[in-house]
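Hi,

Here is the model I promised to pass on. Have a look at it first, and then read my notes below.

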Amino acid sequence: MIQIKIDGKNINTRKGANLVDVALENGIYIPTLCYMKGEPCLGTCRVCSVKVGGATAAACTVPVAHGMEVEVNEPEVKDMRKALVESLFAEGTHNCPSCEKSGRCDLQAVGYEVEMMVSRFEYRFTPRKKDYASEKILLERDRCIFCQRCVEFVRDAETGQKIFSISGRGANSRIEINVELANKMSAEQITRAVDLCPVGTIIEKKIGFNDPIGKRKFDIKSIRERALEGDEK
Amino acid sequence: MRNIHEILDHYRSDRTRLMDILWDVQHQWGYIPNTVLPEMAEKLGLTELDIKETYSFYHFFIDKPPAKFQIYLSDTVIAKMQGYQAVYDALEEETGCVFGKKDATNIFGLDTTSCIGLSDQEPAMLIGKEVFTRLTPEKIVQIIRRLKNGESPADILNPENLASDSLAYIHAMVDSGIRSKGPLFFQNKTDFKALLHKVINNHPEVIIKNVSESGLRGRGGAGFSTGLKWRLCSDNDQKTRFIICNADEGEPGTFKDRVLLMESPKEVIFGMITAGYAIGAQEGIIYLRSEYYYLKDYLEKQLAEFRTEGLLGKSIGGKTEFNFDIRIQMGAGAYICGDETALIESMEGKRGTPRVKPPYPVNAGYLGKPTSANNVETFVAVTSIMEEGALWFKNMGTTESAGTRLLSISGDCDRPGIYEIEWGITLNAMLEKAGARMPWAVQVSGPSGDCISVEKDGHRKIALEDLSCNGSFMIFNRSRDLLDIVKHFTQFFVNESCGICVPCRSGNVDLFKKINRVIDGKACQRDLDEVVVWGKMVRKTSRCGLGGTSPKPILTSLENFPEIYQEKLVRQDGPLLPSFDLKESRRGYLEAISTLNDRSSQS
């Protein structure tokens, strides 16, 4: 057992555990968009940035060590997390009211969580091409935040090959879908891919707007409440 | 002509050699044609999109048929101070082609590219593996005319048909530009065989201890203790270990590694051999940026000579347990590959995105094995330490920075080039050596470093404890438009961000917009206040050193030259920001109204 301190609170935990998990187990929620418990850390969204020993670090990339002092609710780093969320809203085109994922979208829920009202960054409305080519999946790239969950965690059941990949570099990168492999995906696999996409980029065709407003996942419980209860879905 | 089958066989269809395979394909067909992808994918156990994922990351891999002569003009700020625009115009004029496109006959294609490591000889351009320096419009006229007449770039640069693995061939294209030698670099007096025996007569532990005691710190920029890095790498249960020479030198304004590779290649290689012995590595890899393709054959020749002399290969120096060899890995145009973990990803045939740390390369690097990645200059310093001793090295320089170091100096000075300096000399003394006249600002360590004021900081010492420097100095006098230079650097980072993390991918675009807003005379104080906060956010939350430093041109110029920003500001009048264009923002509405009015008047 080791001891660490988060926002002044003493915590006993095990060495090497992920800081996001440790915080959550102790009632401290750190928002994440790319991190998934039990999966390798991607470290792409940086929305879990906190201060560790005074230096800013993405909490999902930090294995805890004895004596570590962590600040989650320190004002500057809290504002940075908010800025990162706002940055995502400015970078893509996120029309929440018309999105099938609304009410069950992690980005939207985290937006509420960090108390974002409007993005401080200029909205870009970059035109991005949708991809309809696969039979059951619609790829709505306007909403993509490049978390790369789909790239890393969705594989063809038979060959283990990647179904989603990236092309380009920097602000021009985009997610690609391997149509042939996507068409072989089972219904469960598609549901999983849709669920693990933290936004409305991977959308199952012919399905959407199933739950009425007020009964949607995050209408019932906030992302913070769900995370603290250990409900990953 | 090889077919794709033979190329794949040559690399035993090893997925981790994808970069080499892609280069071979591109050399064979001129580009990466779709037709080869199915076989590549099948043999490598990948999908075609996986292959695209890698090649689309790199600037110099192309997937459409190129022109016969694809010209890449280096667009550094230094080139822009030295007649870049006239050369640019002359290229368009003579080729009948515009930048970013090919000409109608498919003979010429023009493109710009980031710094190619020739800031002392700008303007410069690449055509394939060949490089043309000190360009003028007149030279362009000649070059293009000769290419049109059927000569090749090599015919023009190398009329005597010198062997591509000779130094004479490289000198026919590029000057060394060594301005001052010190005790350490470019001595070229080493008896490598004798030195090898001196090294291997010691236990590897002793070598590591020596390097630690010398105080040598990595010359790539971060300044981590080389001895400690080797120690961490060797304190590992895994028996397969790697040495990497980081010859990616992508930082604009830096060219010292190019000159070391040209003039002291064996000192570099010997440093790698020493490192290999010290940490128990079996393989060394030189990651060479593709802009330095013209050095590849020459470096291969040096390696071959060392193999013949028994300095590389099996049982080196008669030690049966010491087997070590080196290969060259070509990059393909991505600044981010200078980051050691991005470089390792690239070496494994993937996109050059920095890894999440931990684990660090010393524990899990290339192919997941303990890896020590060191800079070209670091290895040369190691060779010197082996020859002259740790104490000799430590006695030079300052407390924190031992030894001497190389600086690449360019910009507004009479004597641009390479200088060996003892750490601790002042900025003013350095500027005087280089013949800087009325210097105003100096960009230290390239765009990722600080933009400092000569007036305020001239007395500062070049050393890790004061004015830390990765080896690049760009000098600007008062005639230069610093805001324009800052804009150029920011654009560079926007282009070179790998895009994997949000702050760097998106935040640099926002900073770029801000600097443009200042230049356009539409910024107010609030814009500058936001630049500081946003810049800090990008620096602190980014995944790697690129985002960790990319706001520095703006932040440090704002700190050291506030007046150049202040004089461009406008006052905010009322609640709207001056950059808010009310008319433009209502354009859609006005167009709709006018269309409706037109319709109703017609009907």
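First, a term for what follows: buried means under 20% relative accessible area, exposed means over 50%, and partly exposed is in between, with a 1.4 Å probe and protein chains only. Helices (H or I, at least four residues) and strands (E, at least two) are DSSP runs, numbered from the N terminus. As for the ground rules, this is a predicted model, where local features need pLDDT of at least 70 and side-chain atom pairs count only at pLDDT 80 or more, while totals for chains, interfaces and linings use all residues. Residues are numbered from 1 along each chain as its sequence is written, chains are lettered from A and ligands numbered from 1 in the order in which they are written, and side-chain values use heavy atoms, with hydrogens and water left out.

Let's start with the helices of chain A. In helix H6 (residues 187-196) of chain A, the buried residues are A:Gln189, A:Ile190, A:Ala193, A:Val194 and A:Leu196. Their cover includes E6, helix H4 (149-153) and strand E9 (202-204) of chain A, where contact means heavy atoms within 4.5 Å.

H3(A) is largely enclosed by the rest of the structure, because seven of its eight residues are buried. Those are A:Asp106, A:Leu107, A:Gln108, A:Ala109, A:Val110, A:Gly111 and A:Glu113. They pack against helix H2 (75-91), H4, helix H7 (217-220) and helix H8 (223-228) of chain A. Just after H3(A) comes A:Glu115, with a positive phi of about 60 degrees.

On the H2 side, have a look at A:Phe89, which sits in helix H2 of chain A and is buried at 11% relative accessible area. Leaving out residues up to four places away in sequence, A:Phe89 touches A:His94, A:Cys96, A:Leu107, A:Gln108, A:Met116 and A:Tyr123. From A:Phe89 to A:Gly111 is 22 residues in sequence and 9.0 Å in space, C-alpha to C-alpha.

A:Tyr123 turns up again on the surface, in a nonpolar patch with A:Met117, A:Val118 and A:Phe125 that has about 480 Å² of accessible area together. Patches are made of residues with over 30% relative accessible area and no salt bridge, with like charges joined within 9 Å and nonpolar side chains (Val, Leu, Ile, Met, Phe, Trp, Tyr) within 5 Å. The areas come from the Shrake-Rupley method with a 1.4 Å probe, and for residues only the protein chains shown count as cover. A:Val118 belongs to the loop between helix H3 (106-113) and strand E6 (137-139) of chain A, and counts as exposed at 51% relative accessibility.

Now the charges. A:Arg149 is buried at 6% relative accessibility, and A:Asp106 is buried at 13%.

Which residue of chain B does A:Arg169 bridge to? The partner is B:Glu496, with the closest N and O atoms 3.2 Å apart. A:Arg169 lies in the loop between strand E7 (164-167) and strand E8 (174-177) of chain A, and B:Glu496 in helix H21 (residues 482-496) of chain B, so the pair joins two chains. Both A:Arg169 and B:Glu496 are buried.

In chain B, B:Asp466 and B:Arg460 meet in a salt bridge (2.9 Å, N to O). Here B:Asp466 is partly exposed at 31% relative accessible area, and B:Arg460 is partly exposed at 23%. Elsewhere, salt bridges that share partners join A:Glu122, B:Lys514, B:Arg517, B:Arg526, B:Asp527 and B:Glu530 into one network.

B:Lys256 is buried, at 1% relative accessible area. Its contacts beyond four places in sequence include B:Arg219, B:Glu249, B:Asn375 and B:Arg405.

Last, the cysteines. A disulfide is a pair of cysteine sulfur atoms within 2.5 Å, and the structure holds zero of them over all chains. For B:Cys337, the nearest cysteine sulfur is that of B:Cys498, 9.4 Å away. B:Cys337 is buried at 1% relative accessible area, and B:Cys524 is buried at 2%.

Cheers

Technical notes:
Salt bridge = Lys/Arg side-chain N within 4 Å of Asp/Glu carboxyl O.
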